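Here is a short briefing on one protein chain. Look at the fold first, then read the points below.

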Amino acid sequence: MLDTLQQAGTSLLGPTLWLVVWSLIKIVVVVLPLMGCVAYLTLWERKAIGWTQIRPGPNRVGPFGLLTPIADAVKLIFKEIIRPTAANKGLFFLGPIMTIMPALAAWAVVPFSPEHVLANVNAGLLYLMAITSMEVYGIIIAGWASNSKYAFLGALRSAAQMVSYEVSIGFVLITVLLWAGSLNLSEIVHQQALHGWNVFSILFPMFIIFFISALAETNRPPFDLPEAESELVAGYMVEYSSTPYLLFMLGEYVAIMTMCALTTILFLGGWLPPF
């Protein structure tokens with residue numbers, strides 16, 4: 001079916017234009033379900049927190065609160081964007097963009113199957129290490145541009161945490177690279193399929209280190225220091241509202257999905273699990 005679609009598109013639009021259109025279609029097919037997963041991941045988290053704290057959680061919008069993420073998105077998009085007078089306007093709006101852009105761009109090399117990947121590049125693992133490390137710049141820029149002591153201190157704390165745990169993640173990725181002998185994520189999956197459970201037993205210590213580092217990298221408990229609940233401020237994003245705040249949240253949760261995908265690809269066999 002896909003071959004027929006590509007042949008029809010090539011004959012209709014020409015090879016160059018169809019390549020651009022086909023790439024955009026694949027990007028939309030990846031990004032839209034990703035945004036849906038992010039929306040309902042936040043709902044699941046809020047429900048779980050409600051259960052643990054013996055309270056209902058979101059249950060007002062739609063049956064069982066299932067339309068709550070949509071209502072939240074509409075509310076944040078249409079709220080007024082408030083910018084502090086003393087904030088640097090350009091950097092203030094660049095921060096959220098620099099946070100969500102690397103999180104989404106990382107999915108360009110994440111393989112869903114041997115044939116389904118946006119860019120099956122040989123240096124996919126190196127690309128992931130490079131693009132995900134750029135998220136820290138968005139946090140630093142947001143804290144600096146807000147011209148607020150709370151935001152600046154929150155940005156320093158969050159950047160220090162992210163950079164420190166990126167070191168351990170980098171060592172884990174290098175270990176997987178040395179074992180598999182390839183930077184291509186699809187090839188790493190195939191190498192695991194050849195060796196079965198022996199791979200997981202060998203790389204199990206690296207799996208534990210990667211899992212803990214991923215929690216810290218994505219600000220999940222007990223590493224959720226950037227939000228600074230004890231100070232009653234939201235760390236580097238304390239001055240943000242409306243759509244820029246939404247971009248920060250999207251970037252954080254897309255990064256969680258990216259780390260989950262990486263864990264599956266690097267240690268659990270990807271689409272060829274050993275069980």
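Buried residues make up 43% of the 275 residues in the protein chain. Buried means under 20% relative accessible area, exposed means over 50%, and partly exposed lies in between, with a 1.4 Å probe and protein chains only. This is a predicted model: local features need pLDDT of at least 70, side-chain atom pairs count only at pLDDT 80 or more, and totals for chains, interfaces and linings use all residues. Residues are numbered from 1 along each chain as its sequence is written, and side-chain values use heavy atoms, with hydrogens and water left out.

**Overall build**

- The protein chain has 10 helices and 0 strands. Helices (H or I, at least four residues) and strands (E, at least two) are DSSP runs, numbered from the N terminus.
- Along the principal axes, the C-alpha atoms fill a box of roughly 55 × 50 × 40 Å.
- Take the contacts between residues at least 6 apart in sequence: 72% of them join residues at least 24 apart. Contact means heavy atoms within 4.5 Å.

**Nonpolar cores**

- A nonpolar core is a set of buried Ala, Val, Leu, Ile, Met, Phe, Trp, Tyr and Cys residues joined through side-chain atoms within 4.5 Å.
- The largest core holds 41 residues, and Trp 107, Leu 185, Ile 188, Phe 210, Leu 266 and Phe 267 touch the most other members.
- Helices that each supply at least two residues of this core include α2 (15-52), α7 (149-180) and α10 (242-267). The largest share, 12 residues, comes from α10.
- Which residues does Ile 188 contact, leaving aside neighbours within four places in sequence? They are Leu 125, Val 176, Trp 179, Ala 180, Ser 182, Ile 265 and Leu 266.
- Another core of 12 residues lies apart from the largest one, and its members include Ala 87, Ile 139, Met 162 and Met 237.

- Helix α6 is mostly covered, with 8 of its 11 residues buried. Among them are Glu 135, Gly 138 and Ile 141.
- The buried residues of α6 pack against α4, α5, α7 and α10.
- Ser 146 sits in the loop between α6 (135-145) and α7. Is Ser 146 buried or exposed? Ser 146 is buried, because its relative accessible area is 2%.
- Not counting residues up to four places away in sequence, Ser 146 touches Pro 84, Ala 87, Phe 92, Ala 151, Tyr 236, Glu 239 and Tyr 240.
- Ser 146 and Trp 51 are 95 residues apart in sequence and 35 Å apart in space, C-alpha to C-alpha.

**Positive phi angles**

- Most residues other than glycine have a negative phi.
- Phe 64 is not a glycine, yet has a positive phi of about 60 degrees. Phe 64 is placed in the loop between α2 and α3 (68-78). Phe 64 counts as exposed, because its relative accessibility is 67%.
- Ser 242 is not a glycine either, and has a positive phi of about 55 degrees. Ser 242 lies in helix α10. At 1% relative accessibility, Ser 242 counts as buried.
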